[in-house]
Amino acid sequence: MDMAPRQIVAFGGGGFSMESGNPLLDDYVLGLTRAERPRVCFLPSASGDADHYIVRFYRAFSAHRCEPSHISLFRREQGPSDLRRHLLSQDLIYVGGGSVVSLLGVWRAHGIDSILREAWESGVILCGLSAGSLCWFEEAVTGFHGEAKRLRGLGLLPFSNCVHYERGAKRGEAYHRFLREGMCGGYAAEDGAALHFVGPELSRVVASRPQARGYRLDVAGSRVVEMQIATTYLGDRDAVPAAPLPEALSTAPAA
Amino acid sequence: MAVDGVRARTGTPVRRILALGGHEFSFRPPDRAVCELLLRLAGEQGGERPRICILPTASGDTSEQIAGFYSAFGERSCEPSDVSLFRLGRRPMELRDHLLAQDLIYVGGGSLVNLLAVWEAHDIASILSLAWRQGIVLAGQSAGAMCWFEAGITKSSGRPLAAAGLGLLGGSLCVHYNNEPERRAAYLDAVGDGMPGGYGLDDYAGLLWEGEGSPSAVTARRGARAYRVSKGGGKVAESPLPARFLPAPAPAALREDIAEFRRIKTMRKRAGWLG
C-alpha cells in the first residue's frame, strides 16, 4: 500500500474565517482529502477556543459535506478524551487564526505538537490560516501584537513563513530584515493565497481571489530576493482541480 | 500607582495574595461580598480609585468572563481593565507596563495547564512575580487561585489531575473542594502519594496571605470553609480553619438613567404597551 503523501496547505489568510461567501480555499482543502465525507477537525486554540469561531466553523463545514468536529483545549472535559486517537483518525485538520504565541504554548502543554507531526506523517492533511499557517514552519513572522516578531514554529516545513503579505504591510519590511539577519528562506502569502506543500516541497500556490499571490524569499549575500510564484485562481472554470499530486510541481516564478 | 498605598505607609511592600475556591461575578450576596473584599484590598494599595486588572487567560479570554468582571467593577470606584492575551491583535498594549501599574491583578478561572502554558509563552510569570514583590495584590479564583501555588488539582485534561503552578506560595491548593468531590478525592490521594500538602477551599471560601506567616481564612457563604490538608504519620489529615465571615454589601444604587429606564418600562407594561 502506498503511503499517503504528507500535505500542508498554509493560507496567507482566507477561508471561512475571513472570506464569508467565498468557499474556494475551504473547498480546495476538502477536495484534497479525496474522501466522500471527509473527517475534518477544527483546532481553534489560537483564538482561545472562541465560541463564535467554533460556530462559524460548523456552519462552513456542515455535516452534509463532511464529518466535522473540533477540539477545545480550554474545555477538555467536553469533546474527545483521547486527543491523539481523534486527531490521527481525521482526513483534514484545520487550524484557526489568532495568537500564534498562545497557540504554540497551549499545544505544547497538551502534547498536540507531537501528535500533529505524527498526523502529518501518516497522511492527515494539515491546513490553516494566519496563526494556523505560521505554526507549521521552522520560523515565522508574527505581527499579531505590536511590532512584527520572529518566532519558531513546529518545524514540519524547513522554511520561514509570513502571512497577510499585502503590498506595503509593515510585516513585509520586517520579514526582509529578519531574512538579512539570518532567518532561513521561505514563503509569504497574501490574503486569499494558499501555499500547498507536498512533503517538504511547495507543490503549488492556489488562490480564492484572482489577484492574490504567493512569494518565495531567499537571501543572496546581503540581498533579499523575492519572487512571485505563479498562482492558480480557484475560481477559474478551467483551474486545475485538486488532483492527486505525486510530486512537487515546479515553483517557477511569475514574470 | 497610588502614593498613599500600603507601600508608602510601611516603607516595604507587603506581599499579598488572595486565593478563592470559586465564585462568579453575579449580583448575588456572596458574589457581592467577594467583590467587596477585592475592592477593599485594591483600595488599601491604590487609594480611592484603585486599578484592577483581570487576566482571563485560563478561560481562553472568553467574553463571558470579561463582561462579568466589568459588570461587577464597572460601576464601582475603581479603574477596571483586562489583559486578554488572545485578543492583543485587536488591542495592542505594553503588557509589562500595564500590569505593573495595577493595584490588584485578578486571575479568572479555567484551565490551569493552559493558563501556565500561555503565560510562559508570553513571559507573564516573571512580571507577576515582580508585581507581587512590589506590593500589587494578586488574586483569583479556581485556576486563578491555584496558579500561585507550587501545585494544584486541575481538570484541564478532563479528569482531576495534579499540575504545577507558579510557586509564589509554597505547598498546594485544591479549589471547589466540597463542591466537586472527585477533585477533593484526587487531592487527598495526591497528597498521600507525596504531593506537598496545602489547602482545600470550598466555593466562596478564601485564604488571604499578607506578608510572612500563615494566611487568614474568609468565607462569603455560610458553610463554605477553608481546610488545611497535610500528611503526617502516613495519613492525610484535613482540618477546617476558623474563617472570618464577609457580609454582602447592600446592592449598589442603580444609576439614575438605568432607574429611569426601568420606571418607564414598568409604566409601559402596566399600560399594556409592552408584552
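Two strands are taken to pair if DSSP finds at least two bridges between them. On that basis, chain A of this predicted model has an open sheet of six strands, running in the order 7-6-8-9-12-13 with mixed pairing. Strand 7 (149-152) and strand 13 (223-229) sit at the edges of this chain A sheet; each has a single partner strand, so one side of each is left without a neighbour in the sheet. From one strand to the next, the twist averages 25°. Further in, strand 8 (residues 157-162) and strand 9 (residues 186-189) of chain A pair up in the parallel sense, over three bridges. Ser160(A) has Gly186(A), in strand 9 of chain A, as its bridge partner.

How far can chain A be trusted? Its pLDDT averages 91, and 92% of the residues score at least 70. Where pLDDT is low, the predicted coordinates should not be read in detail.

Over in chain B, strand 6 (residues 149-154) is mostly covered, with five of its six residues buried. Strand 6 of chain B pairs with strand 8 (residues 169-174) of chain B in the parallel sense over three bridges, and here Gly152(B) stands opposite Leu173(B). Strand 6 of chain B also pairs with strand 7 (residues 161-164) of chain B, this time in the antiparallel sense and over four bridges. Ala151(B) faces Ala164(B) across that pairing. Strands 6 and 7 of chain B make a hairpin with six residues between them, and Gly158(B) in the turn has a positive phi of about 110°.

Another chain B strand, strand 10 (residues 205-210), contains Ala205(B). Ala205(B) has 30 other C-beta atoms within 10 Å and so is buried, the cut-off being 20 or more. Gly21(B) lies 184 residues away along the chain, yet its C-alpha atom is 5.6 Å from that of Ala205(B). Gly21(B) is also among the residues that Ala205(B) touches, along with Ala217(B), Thr219(B), Ala224(B), Arg225(B), Ala226(B) and Ala243(B), once residues up to four places away in sequence are set aside.

Ile105(B), leaving out neighbours within four places in sequence, is in contact with Cys53(B), Leu55(B), Leu99(B), Leu128(B), Ala131(B), Ile136(B) and Leu138(B). Where the two chains meet, the contact takes 21 residues from chain B and 21 residues from chain A. The chain B side of that contact has eight nonpolar, ten polar and three charged residues.

Arg34(A), with a phi of about 55°, lies between helix 1 (24-32) and strand 2 (39-43) of chain A. Arg34(A) counts as partly exposed because it has 13 C-beta neighbours inside 10 Å. Asp123(B) has a phi of about 60° and belongs to the loop between helix 5 and helix 6 (125-133) of chain B. With 11 other C-beta atoms within 10 Å, Asp123(B) is exposed.

Terms used. Residues numbered from 1 in each chain as written. Chains lettered and ligands numbered in written order. Predicted model: local features only at pLDDT ≥ 70, side-chain atom pairs only at ≥ 80, totals over all residues. Helix = DSSP H or I, 4+ residues; strand = E, 2+ residues; numbered from the N terminus. Buried ≥ 20, exposed ≤ 12 C-beta atoms within 10 Å, placed from the backbone. Contact = placed C-beta atoms within 7 Å. Nonpolar A, V, L, I, M, F, W, Y, C, P; charged D, E, K, R; others polar. pLDDT = per-residue confidence, 0-100. Axes fitted to C-alpha atoms, helices over the stretch in contact; angles between N-to-C directions.
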